[in-house]
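Visitor: Could you show me how to read the features of a protein model, beginning with the terms and then turning to the case at hand?

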Amino acid sequence: MGGALILESAVLLHWLEREGYWPLGMTGISMGGHMASLAVTNWPKPIPLVPCLSWSTASSVFTTGVLSKAVNWRELEKQYATYSVYEEEITRMLEYCGTDSFRMGQDFVKNSPRSFDSLSDLDFTSDLLTLNHSEQEKLSMGASVMSSQVGRTSNGRKLLIGGNHNGLDRILSAVSSSAPHMEMLNAKNITQEDGSRRTLQRESLGFMKGVMDECTHIANFSVPVDPSLIIVVQAKEDAYIPRTGVRSLQEIWPGCEVRFLNGGHISAYLFKQGLFRQAIYDAFDQFIQKYKIPS
């Protein structure tokens, strides 16, 4: 989706430029803001950008934000355990962006305790994944083979758990015990025999984060030609777009401006659009002044 939008945006910008429309700019709200950001990273000229209610990656949205409870984690865990290609091949291709976005777990749960009500109602200690016999054997043996080498069963089959995973090791370093999902597991007093289950949850969560960072993290894309033309508008109490522990846009785009408004994701969308429009005006004014375009 992101790749298609980047190409589509480039086509539209070239067409508008050819038709004589200028200056051009891009903006969007929530996912639209993130998509606008991705599009501008691939535009070869200075351009105003105003991403509203979005941030540097979508991974935290679906792993620690309130939308994480909408993810079918059991099915993802089942697929991760069933298809070795995820662990053996895909994780080696992922480029970890170097910041522990899961450290924000404790603060997020403390500040927004209702965000995980429905998720915490799930019984993580029962209803193990419906796997075939060999897969269940992998899980049951997983807790005893946590080492720096990938273990093997007596008949030579590769175990699910192992320490030498290259890309996965880097990704898993971001999945600390402060993550909301792991806190809920600890609160339920997971027993020793459930260690393999908990490790599976941790690995599948890390895999989810790694894949989403690979595809959506702004740091994996080019820096816009002129970051000073970027005005980011964020809500202080935004529980949909977690920021704590995630690389900031100021770090990735030095010179951009970030404006914080009071309220959360939904209230900002409903009642603060006047501030979004003001940021758009200001970004265009800055472009006109900097590049000497007659108003």
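Guide: A residue is called buried under 20% relative accessible area, exposed over 50%, and partly exposed in between, with a 1.4 Å probe and protein chains only as cover. Helices (H or I, at least four residues) and strands (E, at least two) are DSSP runs, numbered from the N terminus. This is a predicted model, in which local features need pLDDT of at least 70 and side-chain atom pairs count only at pLDDT 80 or more, while totals for chains, interfaces and linings use all residues. Residues are numbered from 1 along each chain as its sequence is written, and side-chain values use heavy atoms, with hydrogens and water left out.

Visitor: Which residues of helix 2 are buried?

Guide: In helix 2, the buried residues are Gly-33, His-34, Met-35, Ala-36, Ser-37, Leu-38, Ala-39 and Val-40, which is eight of the 10 residues in the run 31-40. Contact means heavy atoms within 4.5 Å, and the buried residues of helix 2 pack against helix 1 (2-18), strand 1 (26-29), strand 2 (49-52) and helix 11 (195-216).

Visitor: How many residues of strand 3 are buried, and what joins strand 3 to strand 4?

Guide: Five of the five residues of strand 3 (231-235) are buried, with Ile-231, Val-233 and Ala-235 on one side and Val-232 and Gln-234 on the other. Two strands pair if DSSP finds at least two bridges between them; here five bridges join strand 3 to strand 4 (residues 257-261), and the two run parallel. Ala-235, for instance, has Leu-261 in strand 4 as its bridge partner.

Visitor: How many disulfides does a search of the whole structure find?

Guide: A disulfide is a pair of cysteine sulfur atoms within 2.5 Å, and a search of the whole structure finds zero. Cys-52 counts as buried at 1% relative accessibility, and Cys-256 counts as buried at 11%.

Visitor: Which residues form a nonpolar patch on the surface?

Guide: Patches are made of residues with over 30% relative accessible area and no salt bridge, where like charges are joined within 9 Å and nonpolar side chains (Val, Leu, Ile, Met, Phe, Trp, Tyr) within 5 Å. A salt bridge is a side-chain nitrogen of Lys or Arg within 4 Å of a carboxyl oxygen of Asp or Glu. Ile-266, Tyr-269, Leu-270 and Phe-271 form the nonpolar patch, with about 460 Å² of accessible area together, an area that comes from the Shrake-Rupley method. Tyr-269 lies in helix 13 (residues 265-271) and is partly exposed, at a relative accessible area of 41%.

Conventions. Accessible areas come from the Shrake-Rupley method with a 1.4 Å probe; for residues, only the protein chains shown count as cover.
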